[in-house]
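Subject: A structure for you to look through

Dear colleague,

Please find below the structure I promised to pass on, together with its sequence. My notes on what was found follow after it.

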Amino acid sequence: AESLRNFRINNGFVPELDENGKPLKSDSKAALTLTAFVIAAGAVLLRVGGRAAFVSTLGLDFATENPELKDNLDSLLAYASTLNPITEGALFIAAWTFVKVFCFDAGGIVLALSSGILFGGVIQGAVFSAAAATIGSSVAFGLAKMETPIREKALELVEEYPSLRGIEKTVANDG
C-alpha cells in the first residue's frame, strides 16, 4: 500500500494538499475539459461518419459479422413494426419496469440504445425511453416502500450484510 501511495504521489496522480488537507488546485477543470472533448469528438464522428461509423468505433457492429444474429434482430424489428403502437409502448414500459425493479443495468443500456430504432427516431426514442425509465423507477420505488415479499427479501439481505444497514436506515428516514 505504501509503494502504491508513493507511486501515485511521485507521478502526480494525487493533488498537492495545503496545511488544511484541501487540494491546492482542483481537477474539475481538467475533468470538464476532457468530458467536453469526448462529447465533441463523438458529435464530429457522428456528423462526419454517420451512425454506422459511430457504431463501428464503439464495437457495436457485431450483428453484421454474425448472420444468424442479424436475421434474429431483423425478425424482431419486423415483428415490432407489426405491433399496435400502444402495445409496443406498453411492452417497452414493461421491459423498462423489469430492468429497474431487478437492477438489470445491461438491459437498460440495450433498451436506451434500441428506443430510437423502435420508435422512429432519436428524439422520439429518447423521450419515450426517459418516460418508460421514469415509470419503471417509480414502480421499483413503490415496491421498495410497500410491504411486499420483495421488500421482505431485501430486508433479509440487509440483515445478512451489516454494511447495507446504514443505507437502509438513511432511506427509511429520508426517503
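In what follows, an axis is a line fitted to C-alpha atoms, for helices over the stretch in contact, and angles run from 0 to 180 degrees between N-to-C directions. Helices (H or I, at least four residues) and strands (E, at least two) are DSSP runs, numbered from the N terminus.

This is a predicted model, in which local features need pLDDT of at least 70 and side-chain atom pairs count only at pLDDT 80 or more, while totals for chains, interfaces and linings use all residues. Residues are numbered from 1 along each chain as its sequence is written, and side-chain values use heavy atoms, with hydrogens and water left out.

The protein has 9 helices and 0 strands. Helix α5 (residues 85-101) packs against helix α6 (residues 105-118) at an angle of about 160°, and their axes lie 10 Å apart. The two helices are therefore roughly antiparallel (an angle over 145 degrees). In their contact (heavy atoms within 4.5 Å), Glu88, Phe92, Ala95, Trp96 and Val99 of α5 meet residues of α6 including Gly107, Leu111 and Leu118.

Elsewhere, Thr148 sits in the loop between α7 (122-145) and α8 (149-160). Thr148 counts as buried (under 20% relative accessible area, with a 1.4 Å probe and protein chains only), because its relative accessibility is 13%. The side chain of Thr148 reaches the backbone oxygen of Leu143 at 3.2 Å. Across the protein, buried residues make up 14% of the 175 residues.

Methods
Angles under 35 degrees count as roughly parallel, over 145 as roughly antiparallel, 65 to 115 as roughly perpendicular and the rest as oblique. Buried means under 20% relative accessible area, exposed over 50%, partly exposed in between (1.4 Å probe, protein chains only). A polar contact is a pair of N or O atoms within 3.5 Å; within protein, one must be able to donate a hydrogen and the other to accept it, and residues adjacent in sequence count only if both atoms are side-chain atoms.
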